Amino acid sequence: MVVLAASIISKSGKALVSRQFVDMSRIRIEGYLAAFPKLVGTGKQHTYVETENVRYVYQPIESLYLLLVTNKQSNILEDLETLRLLSKLVPEYCHCLDEEGISQTAFELIFAFDEVISLGHKENVTVAQVKQYGEMESHEEKLHKLVLQSKINETKDVMKRKASEIDKSKIEKNRGEKGGFMSLQSMGSGRIDTGFGSNTNLSSLGGGGFGSGSGLGPSTDLDSFSTKSKGRPAASATAPPKGLGMQLGKTQRANQFLESLKAEGEVIVEDVRPSIGQSKPAAPPPTDPVTLTVEEKINVTLKRDGGIGNFDVQGTLSLQILNQEDGYIQVQVETSGNPGILFKTHPNINKELFSKENILGLKDPNRPFPANQSGDGVNLLKWRMQSADESILPLTINCWPSVSGNETYVNIEYETPAQIDLQNAVISVPLPALREAPRIQQIDGEWRYDSRNAVLEWSIVLIDNSNRSGSLEFVVPAADPDVFFPISARFTASRTFSDLKVANILPLKGGSAPKFSQRMLLATENYHVV
């Protein structure tokens with residue numbers, strides 16, 4: 001037998017993958033493949049078609065054809081055996097049997113075809129052997145990847161050095177602008193362990209360091225905390241130092257190198273910090289003179305058979321002031337008195353005043369809080385809470401997969417306690433590779449199937465007293481129950497575990513206290529059932 005070509009084509013004759021095993025021109029093989037759909041009759045049970053010169057042995061695979069083009073002298077039984085082996089290999093390498101899926105795995109399919117057919121003759125191999133041969137390591141490929149990775153690492157080192165030089169020049173520029181305030185900046189600068197699992201760069205009152213954003217990561221440098229006088233315009237604190245804009249061009253050469261690698265088809269793995277912004281809505285810009293934000297992030301790992309593997313809540317209280325004149329204040333707060341919550345004040349806050357009267361004020365009452373800070377402002381207070389009590393969980397999830405015949409029935413239930421309402425809840429369930437969306441039997445809420453990532457997303461806009469519990473039932477082809485784990489969830493809530501609230505704003509220079517508003521947010525960072 002002689003196999004001229006092995007191909008995967010569409011019903012219209014478009015060649016998606018074609019591997020020739022004898023010397024033939026591209027025009028010739030394209031002519032063979034284009035003529036095939038016209039030769040296939042409807043309603044016939046045959047799996048081969050003959051012409052004057054060649055024989056087509058084919059098998060439909062969904063909307064495509066797996067096709068062998070052979071000469072007429074070849075053994076039809078051997079051709080059918082080869083076709084059956086190739087039909088088993090295609091789903092092993094391509095889970096989505098459509099034009100896009102075939103195109104994405106074209107090279108893997110060609111390599112597999114080469115292992116099955118050599119010079120037009122079938123090799124005595126099995127599916128497992130073909131997969132093993134395809135996964136064997138290549139010394140040349142490993143050497144190429146090592147060289148490429150070393151170039152990428154070297155480029156990243158250059159970028160880090162340039163960024164460090166920019167930071168140093170920026171610090172020197174700021175020191176020159178501060179003038180007489182340099183003595184304040186040198187007080188207490190250093191790395192301070194906050195007790196929240198990470199080190200936060202906190203400097204003294206002169207050096208800033210309250211941080212911005214969520215406040216749970218490293219804090220940013222707030223130079224305006226000590227350098228901005230009462231009469232100085234607020235915009236000058238955020239204006240970039242002159243002469244530093246052109247220094248960003250120092251990394252242009254490194255960026256050009258990475259871009260050239262991408263243009264050559266190389267996959268560049270960049271350090272990208274994962275984002276958790278999906279579960280945290282964007283806060284509107286502050287309109288009141290003083291805005292205080294209480295934010296908690298929850299990390300939970302639940303066991304599928306019951307119990308808590310990890311429960312950790314980290315919270316921050318941040319202050320944002322629009323006008324510098326309103327910065328001469330103290331903040332009085334109320335807490336729930338839960339002994340399991342450990343509070344930590346910023347080093348520039350009067351700890352004794354907070355421990356006795358729950359008042360957050362600066363050690364030097366003659367100095368104001370900074371104004372016009374980005375993000376949520378400056379962080380005044382942090383806290384942490386850990387527990388193994390299942391009754392305080394804001395959301396519990398139970399998953400019950402069961403195999404029945406050729407199908408797997410999956411039942412998922414959620415429950416929430418009566419004291420908390422959840423917004424924008426999304427429960428993501430991993431699924432096995434499917435050719436079509438799962439069959440939904442029953443659902444409380446809405447669903448979406450992400451075929452690219454093989455994930456079923458179950459969303460509930462609001463969970464309150466009307467729907468404290470809900471269920472989802474769907475059916476997929478038979479699969480291992482472990483495939484449906486880990487289940488992840490994300491949501492937000494307006495009630496926090498600490499129940500920390502701002503009771504009052506106390507002015508330090510007499511007069512009436514500025515108007516203030518407070519925001520409360522509980523958001524998930526990691527919430528998994530494993």
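**Reading a predicted model: a tutorial dialogue**

Modeller: Let us begin with helix α2, which covers residues 76-93. Its 18 residues reach 26 Å from the first C-alpha to the last, close to the 26 Å expected at 1.5 Å a residue. Please keep in mind that this is a predicted model.

Biologist: Which residues of α2 are buried?

Modeller: The buried residues are Asp79, Thr82, Leu83, Leu85, Leu86, Ser87, Leu89, Val90 and Tyr93. At the start of the helix there is also a contact to inspect: a side-chain oxygen of Asn75 comes to within 2.9 Å of the backbone nitrogen of Leu77.

Biologist: Over how many bridges does β23 pair with β25?

Modeller: Strand β23 (residues 487-493) pairs with β25 over four bridges, in the antiparallel sense. On this side, Ala493 faces Leu522 of β25.

Biologist: What is the order of the strands in the open sheet of three strands?

Modeller: The order is β14-β12-β24, and the pairing is antiparallel. Strands β14 (359-360) and β24 (501-507) stand at the edges with a single partner strand each, so one side of each is left without a neighbour in the sheet. Between β12 (residues 329-334) and β14 there are two bridges, and Val331 stands opposite Leu360 in β14.

Biologist: Which backbone angles deserve attention?

Modeller: Most residues other than glycine have a negative phi, and most peptide bonds are trans. One case to examine is the peptide bond between Phe485 and Pro486, which is cis, with omega about 0 degrees. Pro486 belongs to the loop between β22 (469-477) and β23.

Biologist: Where is Glu62, and what is its phi?

Modeller: Glu62 lies in the loop between β4 (54-61) and β5 (64-71). Its phi is positive, about 60 degrees, although Glu62 is not a glycine. With a relative accessible area of 40%, Glu62 is partly exposed. Asn424 also has a positive phi, near 50 degrees, but Asn424 is found in strand β18 (residues 422-430). At 48% relative accessibility, Asn424 counts as partly exposed.

Biologist: Is Thr416 buried or exposed?

Modeller: The cut-off for a buried residue is under 20% relative accessible area. Thr416, at 9% relative accessibility, therefore counts as buried. Thr416 is found in the loop between β17 (407-415) and β18. The C-alpha atoms of Thr416 and Thr396 are separated by 6.5 Å, while these residues are 20 residues apart along the chain.

Definitions and conventions:
Residues numbered from 1 in each chain as written. Predicted model: local features only at pLDDT ≥ 70, side-chain atom pairs only at ≥ 80, totals over all residues. Heavy atoms only, no water. Expected span 1.5 Å × (residues − 1). Buried < 20%, exposed > 50% of the residue type's maximum accessible area, 1.4 Å probe, protein only. Polar contact = N/O pair within 3.5 Å; in protein donor to acceptor, adjacent residues only side chain to side chain. Pairing = 2+ DSSP bridges.
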